[in-house]
Amino acid sequence: MTRRISIFGATGSIGGTTLDLIGRDPAAYDVVALTGGRNIDRLAQMARQFDAEIAVTAYEDHLPALRAALAGTGIACAAGAGAITEAAARPADWVMSAIVGHAGLAPGMAALKQGATLALANKESLVTAGPLLMQTARDHGAVILPVDSEHSAVFQALIGEDITTVERIIITASGGAFRDWPLEKMAQATLADASAHPNWAMGQRITIDSASMFNKALELIETHEFFGVSPDKIEALVHPESLVHAMVGFVDGGLMTHVGPPDMRHAVGFALHWPIRRPLPVARLDFAKLGQFTFRAPDPARYPALRLAREVMQAGGLTGAVFNGAKERALDAFIDGQIRFLDMAAIVEDTLGKMAADGLVHAAMTLDNVAQTDHMARIRAAEAIAARPS
Ligand code: NAD
Ligand code: MG
């Protein structure tokens with residue numbers, strides 16, 4: 001039987017990995033919706049290759065180009081955030097959520113409401129609206145499968161286990177582009193420096209977030225929200241080789257770890273085939289050749305994002321939406337050359353402080369309130385950016 005699948009963020013790094021796996025066994029899948037941004041050639045090429053029902057670009061001004069590229073194919077075309085969320089309501093068995101940023105939340109929610117299995121790469125959904133997302137899945141009998149490599153690793157280590165017997169969860173961090181840079185040098189880091197990941201090939205935004213460890217900060221919160229484990233049991237550990245993805249320690253001292261090459265085809269493929277395992281085209285490690293794994297504690301002075309993540313988990317409510325919105329805005333400003341690398345954490349901390357005083361973070365967790373909080377956080381962050389000496 002073929003499975004109906006949709007991919008949100010199909011033109012990105014995770015989207016491409018997903019289509020690579022599906023393309024190896026095309027008869028097994030019916031592709032429903034594929035979405036992208038400005039890369040219309042790629043979106044149209046993918047939609048043709050996989051004979052999608054509908055292709056959607058996030059940007060209305062790109063709709064004519066998408067229509068032209070798909071003329072005569074019978075593939076429907078649409079544009080805009082609303083159209084993406086509508087496409088997520090089209091019946092599908094399995095949906096990949098691989099849009100980057102807060103924009104991934106609404107389509108993920110729509111997919112859960114129709115009872116689809118949601119493969120969740122978009123960690124921002126859990127950071128900004130974890131309780132809402134998890135509750136929506138329960139209400140609609142939908143399953144969420146984590147696709148982030150560390151969280152897929154934890155998920156796999158927990159198969160057959162009782163979550164109440166978990167003593168600690170350790171997620172590893174490569175340390176990103178600046179793992180061996182002193183703080184003074186990090187202060188001068190350029191966009192090109194921050195965009196070069198030592199181990200993983202990923203989209204630019206998550207690559208820069210790896211260098212600042214904002215990615216790991218988001219992942220600490222993601223772990224807390226997805227597995228429902230208290231923050232004091234969750235740790236980040238620097239592991240430069242990126243081969244051990246996570247470890248789960250139990251009350252009896254046993255510890256299960258997940259090891260594999262830094263290749264997202266494993267985590268994406270695991271989610272695609274869950275609950276069974278099927279062969280995947282990932283390299284097998286030769287441990288005798290590797291010889292050793294190394295670990296070290298992350299340096300809090302160089303990675304303030306990790307401390308901020310703990311404060312966010314402690315505060316709860318809509319604070320995660322403030323954290324993510326401010327982080328996204330600060331990242332835009334770094335990419336645009338408006339602020340320096342270390343300013344990103346300062347902007348986020350400043351925004352968290354300002355908005356803690358604002359009653360909005362204690363409002364009920366609804367999709368509208370999350371969106372409004374995200375919006376306000378970006379405004380506050382933009383004010384902090386404008387106030388910084390250049
Ligand atoms: P990417 O930048 O390569 O791709 C992002 C996709 O989202 C593209 O299809 C783009 O067109 C689309 N997009 C961007 N802005 C949009 C908007 N406003 N509205 C609708 N669509 C939009 O990103 P990626 O590296 O594939 O990451 C995707 C998600 O997966 C992120 O949440 C990231 O944190 C997570 N993730 C990625 C990796 C990885 O290896 N790349 C690993 C773990 C988790
Ligand atoms: Mg990860």
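Helix H16 (residues 343-356) packs against helix H17 (residues 367-386) at an angle of about 120°, and their axes lie 9 Å apart. The model is predicted: local features need pLDDT of at least 70, side-chain atom pairs count only at pLDDT 80 or more, and totals for chains, interfaces and linings use all residues. Residues are numbered from 1 along each chain as its sequence is written, chains are lettered from A and ligands numbered from 1 in the order in which they are written, and side-chain values use heavy atoms, with hydrogens and water left out.

Helices (H or I, at least four residues) and strands (E, at least two) are DSSP runs, numbered from the N terminus. Axes are lines fitted to C-alpha atoms, for helices over the stretch in contact, and angles run from 0 to 180 degrees between N-to-C directions. H16 and H17 are therefore oblique to each other. Angles under 35 degrees count as roughly parallel, over 145 as roughly antiparallel, 65 to 115 as roughly perpendicular, and the rest as oblique. The crossing of H16 and H17 is right-handed. A crossing has this hand if the near helix is turned clockwise from the far one by less than a right angle, and is left-handed if anticlockwise.

Contact means heavy atoms within 4.5 Å. From H16, Ile347, Asp350, Thr351, Lys354 and Met355 meet Thr373, Met376, Ala377, Arg380, Ala381, Ala384 and Ile385 of H17. The residues of this contact comprise 7 nonpolar, 2 polar and 3 charged. Here Ala, Val, Leu, Ile, Met, Phe, Trp, Tyr, Cys and Pro count as nonpolar, Asp, Glu, Lys and Arg as charged, and the others, Gly among them, as polar.

A further helix pair is H11 (residues 214-227) with H14 (residues 304-315). Their angle is about 25°, with the axes 8 Å apart. That makes H11 roughly parallel to H14. Their crossing is right-handed. In H11, the contacting residues are Phe214, Lys216, Ala217, Leu220, Ile221 and His224; in H14 they are Ala305, Leu306, Ala309, Arg310, Val312 and Met313. This contact holds 9 nonpolar, 1 polar and 2 charged residues.

Glu150 in helix H7 (residues 149-157) and Glu219 in helix H11 are 69 residues apart, a pair that links distant parts of the chain.

An open sheet of 4 strands has the order E9-E8-E10-E11, with mixed pairing. Two strands pair if DSSP finds at least two bridges between them. The edges are E9 (234-238) and E11 (255-259), each pairing on one side only. From one strand to the next, the twist averages 20°. H7 packs on this sheet and touches E8, E10 (244-250) and E11; its direction makes about 35° with that of E10. Strand E8 (residues 166-173) runs parallel to E9, joined by 5 bridges. Ile171 has Ala236 in E9 as its bridge partner.

Another open sheet has 7 strands in the order E4-E3-E2-E1-E5-E6-E7, with parallel pairing. Its edge strands are E4 (76-79) and E7 (144-146). The twist averages 20° from one strand to the next. Strand E3 (residues 54-57) and E4 run parallel, with 4 bridges. Ile54 stands opposite Ala76 in E4.
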